Structure formats: C-alpha cells, structure tokens
Amino acid sequence: MCELKACGGMGFKNLKQFNLALLTKQGWGLQTDQNSLINKVLKAKYFPSYDFVEAKIGCNPSYTWRSIMAVQHVVKEVSELIDSSSTSWKASVIDILFLSHEAKMIKSIPLSSSAYSLAVSLSHTIDRGASLDVGLVRRFWKKIWSLPVPHKTRHFVWRACREALPTKTNLAQRKVVLDDTCEACGLMAESTGHVLWGCVKAQEAWSCSKLMVIIDWVDEEKVARMVTIAWALWFNRNEIRLGGARKTGKDVVRWATHYLEEYWAANESELSAPVVLERSVSWIPPRTNWFKIHVDGGVFASQKAAGLGVIIRDDRG
Ligand SMILES: [Zn+2]
C-alpha cells in the first residue's frame, strides 16, 4: 500500500495545477477583461494606472489580492506569448521557448476559448517540472495520508489524483457511457477537474470557501477543509445521480464544513478521554525504630457497610 501511495505522483500535478489554474483564470481576467466588477475594484485599489502584470503587491494587501498575485508570473508568461493586437499566438516565440510537442499543443489552443482551459493547459506545461521531483511527490502523499480527515476522504483524494473516479469522461473512455457531458451544467465534459474545480457549482463552492489558493501545504487545517469540500462536491454529484437533492455550491461548503468539524469534535473527545497512567510503586522501608502506617477505607453501599484497613510496618517490613 505504501508503495502504491508513494507512486501517486500524478496527483500533485493535478491538485496543484487545478488550484493554480483557477487562480490564474482570475488573474487572466484582470489582465484581459477590463469591465468585470472584480477588475474595477482591484484595479482601483492596487493598479490604478497600469496593467495587472505590472501591479505590485503593495502594503496591507487583502487575502484575495495576495492569492491572485501569487500567479501573476503565470499570467505574465502567458501574455508574453500572445500578440494582443491580432489576438493570436506569437508562434516564433513559442517555438523557441518550448519543446516541439509542447509548442504544438500550446498553438493548438484556440485563443477564443475560455481563459480557464488556457490557464489549465499552460499551467500544466509550466508546472510540469514540479511533478518530476520525487521527494516533493512523496512529501505530498505523506501529507495527504496524515490529514485530519476521515479515511474515505483521503481515499477519495487518492482516487481523484489517480484519475480513478468514475466520472463520465472516464466512463466514456471505457465505453461504459456514450455521452460524457456534465449533468450539472450541460456545458462541458464531466472530467475530474470539471466536477471538482471547473463546473459552475464547484466554482461557487470554492469562492464561498475562501480557500481558493493553497500555495504551500503547511496549513493542515486548510488542506483538510479543501479536500473535504472536493469530496463533498463529488458526494453530492453521486447523491443527485441516485435521486438525492442538488445542493448549491454554498450548501456544499456549509455541509462539508459541518461534517469535518463534527469529525474533529468526535476525534477530540476520543483523544481527550481520561488516560489512566500505570505507575509501579514499590514499598520503601522506614528507618530503624520507625514505623510506616498505610491506611485505606471503603464504603459498600449495597451491603450498607464500611471497611477500614491499617498496616503498620517497621524497617523489616
Ligand atoms: Zn458542469
């Protein structure tokens, strides 16, 4: 099992990639969509007279702004590959910077497609190096398997990262179903990434959760909350398929938070149960001509009786 867990290298790439992709999408929006409300608010506060890629973190930045700025370099790298006047790829630059198959893949991404798929594809390419670090991958899995979440949640993360969830995309690949369209939005194929990050409902959940970015994996509580929300999204998707109620993204977050906190509370009471320490006590004789007296008593309610015991011992016991 250890062997298997340690081999889950793909997972790191997937989780981190989606996390960054989601954020990159926001950053990309700031760079390209001048009219959105969030752009207007953030621009007025942090980069009033220039573009997002030139913005500085500034003093006293908000959580949202700090998170978005964490992927500014990706947006910058992407925008340098695009000729904004003709809205087309700078093919010559891409050919120099990337290996031929990567360059081919990037150039095949239509620029009119959503910023999301663009960000996913590019952050995948840019992030690829990290997934090759075996030590990093091992640490990632060690972290996942020690998270304070129920075992089934950890197992879910494992399956999601190994692309082993029975999503419609996976089922279609195995020819179990013909149509792989997401039933929640009806817009895209239902891949793992789509259910957990890309679908409208997932995006609503992540924006409610305020857990949009986990750049480092140090904060165990945040990571636990994040994987529980992902699991809850998947859980509700299955509930709906069995005729259960469709939760909103907000409801999923509320439900997942409650579920996890109950789990923590149950575990805490288990941990804080009184622990009886066993002590080995040995009798030490008194000095010569001294006596040691041991006294104990007991009340036996059912027999309406009480007892008293006294032991008096000298230095020879
Ligand atoms: Zn969907």
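How many helices and how many strands are there in the chain? The chain has 15 helices and four strands, in a model that is predicted. Buried residues make up 27% of its 317 residues. Among the contacts in the chain with a separation of 6 or more, 56% link residues 24 or more positions apart.

**Nonpolar core**

- The largest nonpolar core has 30 residues, and those touching the most other members are Leu196, Ala202, Ile229, Ala230, Leu233 and Trp234.
- Two or more residues each are given to this core by α9 (134-145), α10 (151-161), α12 (192-198), α13 (200-209), α14 (220-241) and α15 (249-271).
- Helix α14 supplies the largest share of this core, with ten residues.
- Tryptophan 234 is in contact with Phe156, Leu165, Val195 and Leu196, leaving aside its neighbours within four places in sequence.

**Packing of α10 against α14**

- The axes of α10 and α14 come within 10 Å of each other and cross at roughly 75 degrees.
- Angles of 65 to 115 degrees count as roughly perpendicular, and α10 and α14 are therefore roughly perpendicular to each other.
- From α10, Thr153, Phe156, Val157 and Ala160 meet Val227, Thr228, Ala230, Trp231 and Trp234 of α14.
- By residue class, the contact of α10 with α14 divides into seven nonpolar, two polar and no charged residues.

**The buried side of α13**

- In α13, the buried residues are Lys201, Ala202, Ala205, Trp206 and Ser209.
- These residues are on the same side of α13 because they cover an arc of only 135 degrees around the axis.
- An α-helix has 3.6 residues a turn, so residues three or four places apart point the same way.

- Threonine 192 lies in helix α12.
- Why does threonine 192 count as buried? Threonine 192 is buried because 22 other C-beta atoms lie within 10 Å, and the cut-off for a buried residue is 20 or more.
- Not counting residues up to four places away in sequence, threonine 192 touches Ala160, Glu163, Leu165 and Thr167.
- One of these residues, glutamate 163, is 29 residues from threonine 192 in sequence, with 7.0 Å between the two in space, C-alpha to C-alpha.
- Histidine 194 also has its place in helix α12.
- Histidine 194 counts as buried because it has 22 C-beta neighbours inside 10 Å.
- Leaving aside neighbours within four places in sequence, histidine 194 is in contact with Cys182, Met188, Ala189 and Cys199.
- Histidine 194 and threonine 167 are 27 residues apart along the chain, and their C-alpha atoms are separated by 9.5 Å.

- Lysine 175 is found in the loop between α11 (168-173) and α12.
- Is lysine 175 buried or exposed? Lysine 175 is exposed, because it has 7 other C-beta atoms within 10 Å, where 12 or fewer is the cut-off.
- Lysine 175 has a positive phi of about 60 degrees, although it is not a glycine.
- Most residues other than glycine have a negative phi.

How values were computed:
Residues are numbered from 1 along each chain as its sequence is written. This is a predicted model: local features need pLDDT of at least 70, side-chain atom pairs count only at pLDDT 80 or more; totals for chains, interfaces and linings use all residues. Two residues are in contact if their C-beta atoms, placed from the backbone, lie within 7 Å. A nonpolar core is a set of buried Ala, Val, Leu, Ile, Met, Phe, Trp, Tyr and Cys residues joined through C-beta atoms within 7 Å. The arc is that of the directions from the helix axis to the C-beta atoms. Axes are lines fitted to C-alpha atoms, for helices over the stretch in contact, and angles run from 0 to 180 degrees between N-to-C directions. Angles under 35 degrees count as roughly parallel, over 145 as roughly antiparallel, 65 to 115 as roughly perpendicular and the rest as oblique. Ala, Val, Leu, Ile, Met, Phe, Trp, Tyr, Cys and Pro count as nonpolar, Asp, Glu, Lys and Arg as charged, and the others, Gly among them, as polar.
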